[in-house]
Amino acid sequence: MSAATTRSRTARAARTPVPDRLCAEAVDLARAAAEEAAAPGIVGEHVAVVSEGDRVVTHFFECKEPGYRGWRWAVTVARASRARYVTIDETVLLPGGDALLAPEWVPWSERLRPGDMGPGDLLPTEADDIRLEPGYTGEDEPPPNSAVPEVSHELAERADVEDAELTTRPATTTRGSIAAVADELGMRRARVLSRYGLHMAADRWDEEFGARTPMAQAAPATCSSCAFLVPLAGSLRQAFGVCANEFGPADGRVVSLAYGCGGHSEAAVMPKTPKPAPHALDTMRVDEYPLRPARDSGSVPAEADEPTEDLGHS
């Protein structure tokens, strides 16, 4: 045996002390503590004893609770120095190596999927959301060349009070601020879609109602020539619109201009029903065949024209 092997075994023995004899023998005490924490019949067989330190031992019992496969009741017992009595330290339910565990917790922002929101739900967006960008930039003070000079807070409050007396609309922004100017110009959105957000939306819409879908592959024409297409505004107008055909599969949905379906507005003339080809042989008419030939169909008349005499025998 090499010296390295001897040193490693000595180190392991030093890290894992030998279980205290009295604590290791307190199986019944540990089982009673586990049954008190759980319920009678839930605690199974004693499976292991692990030394936690000097005069500290943990007893493991099998858990028979339905739904807790592989879990074990762990009861830690301890004994004071030079004491004969063993006391309970703690009782917990711990998973084993093959325990059935819940999946790792995922934040709600990563668990949320399209269609999960319901009435009354709120979905806040982060301040640094890459899908959004500021709708207007600038501080909340007027620029140096502004027609409205910078005033003190007292004068600003007086101006706001005067505006409140003249109109019933509540003042939400400070007079002369960038937000107030943007509000007057109709730019009331503090943030708008960024280029990344536009590309993400375009990819989703094109995947669901785009040119590569089976419906578009079998369509007589694309949505770009359909009268039921309502174009969008802005840069998305060049590639998308909203379907307004109540009988179409994408009614009220954003569709790609390359998408198409059988409800195209120019497919109103229905094709005529194809007629079957005429038969090569006339097999549709019933031929009549008499059971006996007609009387006048033969070369010998059925009845003599003149009476004949009987021929005798000589």
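**Close-up views of a predicted model**

View 1. T58 counts as buried because its relative accessibility is 3%; buried means under 20% relative accessible area, exposed over 50% and partly exposed in between (1.4 Å probe, protein chains only). This is a predicted model: local features need pLDDT of at least 70, side-chain atom pairs count only at pLDDT 80 or more, and totals for chains, interfaces and linings use all residues. Residues are numbered from 1 along each chain as its sequence is written, and side-chain values use heavy atoms, with hydrogens and water left out. T58 is found in strand β2. Strands (E, at least two residues) and helices (H or I, at least four) are DSSP runs, numbered from the N terminus. The T58 side chain makes a polar contact with the side chain of T76, at 3.0 Å. A polar contact is a pair of N or O atoms within 3.5 Å; within protein, one must be able to donate a hydrogen and the other to accept it, and residues adjacent in sequence count only if both atoms are side-chain atoms. Leaving out residues up to four places away in sequence, T58 touches A48, V49, V50, E52, A74, V75 and T76. Contact means heavy atoms within 4.5 Å.

**View 2. The open sheet β1-β2-β3-β4.** Here 4 strands pair in the antiparallel sense. Pairing requires at least two DSSP bridges between two strands. The edge strands, β1 (43-53) and β4 (87-95), each pair on one side only. Direction ignored, neighbouring strands are turned by 20° against each other on average. Between β1 and β2 there are 7 bridges. V43 has C63 in β2 as its bridge partner.

**View 3. Helix α3 across the sheet.** α3 lies across β1, β2, β3 and β4, and runs at about 115° to β1. Axes are lines fitted to C-alpha atoms, for helices over the stretch in contact; angles run from 0 to 180 degrees between N-to-C directions.

**View 4. The largest nonpolar core.** This core has 16 residues, and F61, W73, V75 and V77 have the most contacts inside it. Such a core is a set of buried Ala, Val, Leu, Ile, Met, Phe, Trp, Tyr and Cys residues joined through side-chain atoms within 4.5 Å. α3 (27-37), β2 (56-63) and β3 (71-78) each give two or more residues. The largest share, 4 residues, comes from β3.

**View 5. A second, separate core.** This core has 8 residues, including F209, C223, C243 and V255.
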